[in-house]
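Please open the structure in a viewer and keep the selection tool at hand.

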Amino acid sequence: MSRARELFPGGVNSPVRAFGGVGGEPFVAVRGEGARIWDADDNEYIDYVLSWGPLVLGHAAPVVLDALRDAMVRGTSFGIPTGLEITLADMIRARMPHVEMLRFVSSGTEATMSALRVARAATGRDMFIKFDGCYHGHADSFLVKAGSGVATLGLPNSPGVPDALAALTLTAPFNDIEATDSLFRAHGERVAAIFVEPVVGNAGFIPPDAAFLPALRRLASAHGALLIFDEVMTGFRVAPGGAAEYYGVIPDLTTLGKVIGGGLPVAAYGGRRDLMNSVSPSGPVYQAGTLSGNPLAMAAGIATLSALTPDVHRCIAARTRVLVEGLRAIAARRGVPFTADSIGSMFGLFFRAEPVRSYADARGADLALFRRFFHASLDRGVYLAPSAFEAGFMSAAHGDSEIAITLQRLDEALGAARG
Ligand code: PLP
């Protein structure tokens with residue numbers, strides 16, 4: 001890691017990897033297979049991070065590797081249309097019919113940034129609403145958190161984001177319909193879109209209240225704004241058709257990433273045909289990418305979605321529930337304030353007795369206990385996300401035996417973490 005620190009800021013190529021949220025040094029991964037990864041010292045870990053979500057089939061899934069080998073020998077990039085793009089787009093649309101038309105890009109950041117541009121162009125408005133604790137990639141407009149109070153004008157939380165731009169990002173607490181409504185009452189004429197992680201995965205795992213997403217749909221429509229679901233994390237995880245299917249709320253635009261690339265860099269934004277037709281070259285909203293729709297990435301995505309049948313999805317979801325119920329039982333037996341939940345193959349836990357409905361609630365959990373629990377788990381060969389504010393992920397490769405081993409190790413880890 002010292003060589004890495006000399007070469008990269010904080011020794012990493014994406015900040016959470018540095019273990020800043022839990023202290024200590026990250027391990028250096030050398031190999032993955034199924035539910036497991038190995039580090040440079042040959043330590044083995046059962047992995048619940050899965051490259052932050054994409055690896056829904058597990059590491060080095062044979063179907064993905066075969067698809068990559070097949071595609072690779074034909075060339076790695078063409079920069080001109082290929083049939084693979086159509087195949088993957090068809091697969092996405094079959095699962096998410098509201099994504100009538102889409103554009104492939106290479107990262108979630110590009111997808112959200114472009115979807116926001118489309119929304120601003122379609123409405124001729126400059127502001128948008130996001131929710132405290134939701135992460136939508138690192139484009140300037142999204143690097144804004146809520147200030148104090150129920151809802152407030154945005155303040156940039158990264159230097160380098162101009163105040164003038166940050167002021168166009170309005171924020172409200174997640175699950176707070178009243179705060180969202182007041183933003184519309186104050187700024188409705190200028191709000192282009194509501195941007196939301198329909199199930200939050202970037203402030204820990206926080207499901208929406210039953211009324212929240214329908215209320216956002218209603219508010220957006222009533223005020224002539226677009227509803228944009230950022231399903232980069234939830235897409236093909238909370239349900240085969242993502243959160244839109246799970247909650248029965250249809251957004252105008254959707255952003256996707258992670259699972260649709262099966263571990264290679266793919267993301268997409270899409271939705272209503274009339275909106276997507278505004279994108280260049282059909283329309284004037286400019287957006288482009290040298291490696292967009294890259295054949296290797298498309299092949300990995302096709303292999304992943306082909307294998308992720310509704311039955312496989314149901315099976316991973318059932319195992320995720322077993323993991324979460326096991327964790328609840330362990331915490332209850334040990335008398336530790338704890339809350340955990342899952343939807344599909346996404347899960348989360350907090351050391352806090354009451355349910356977590358917002359980022360503020362999440363910050364009120366016992367973070368010091370989480371840090372100790374994280375390290376005690378890692379020492380016992382279970383790799384959880386190195387932050388109390390991240391969701392966990394399961395894959396088709398996490399079988400009953402991995403879950404049983406995990407629960408036994410996490411039971412010991414919790415005992416050790418409490419000291
Ligand atoms: N949106 C959500 C909900 C995410 O979880 C992420 C990344 O974790 C992004 C957008 C950004 O995606 P990327 O890291 O591919 O730029």
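The tour visits a helix and its surroundings, then a sheet and the helix that crosses it, all in a predicted model.

**First stop: helix H10**

Select residues 295-307, which form helix H10.

Next, select Asn294, which caps the N-terminal end of H10. A side-chain oxygen of Asn294 lies 3.0 Å from the backbone nitrogen of Leu296.

Is H10 largely enclosed, or open? Eleven of its 13 residues are buried, so the rest of the structure largely encloses the helix. The buried residues run from Pro295 through Leu305, among them Met298, Gly301 and Thr304. To view what covers them, display helix H2 (62-72), helix H3 (83-95) and strand E4 (101-105), which are included in that cover.

**Second stop: a sheet of four strands**

Now turn to an open sheet whose strands follow the order E1-E2-E3-E16, with mixed pairing. Select strand E1 (29-33) and strand E16 (382-383): each stands at an edge with a single partner strand, so one side of each has no neighbour in the sheet.

Which residue of E16 is the bridge partner of Ile46? Selecting Val382 shows the partner in question. Strand E3 (residues 44-47) and E16 run parallel and are joined by two bridges.

**Last stop: helix H14**

Finally, select residues 400-418, helix H14. This helix lies across strand E2 (36-39), E3 and E16, and runs at about 105° to E3.

Methods: Residues are numbered from 1 along each chain as its sequence is written. This is a predicted model: local features need pLDDT of at least 70, side-chain atom pairs count only at pLDDT 80 or more; totals for chains, interfaces and linings use all residues. Side-chain values use heavy atoms; hydrogens and water are left out. The expected span of a helix is 1.5 Å times one less than its number of residues. Buried means under 20% relative accessible area, exposed over 50%, partly exposed in between (1.4 Å probe, protein chains only). Contact means heavy atoms within 4.5 Å. A polar contact is a pair of N or O atoms within 3.5 Å; within protein, one must be able to donate a hydrogen and the other to accept it, and residues adjacent in sequence count only if both atoms are side-chain atoms. Two strands pair if DSSP finds at least two bridges between them. Axes are lines fitted to C-alpha atoms, for helices over the stretch in contact, and angles run from 0 to 180 degrees between N-to-C directions.
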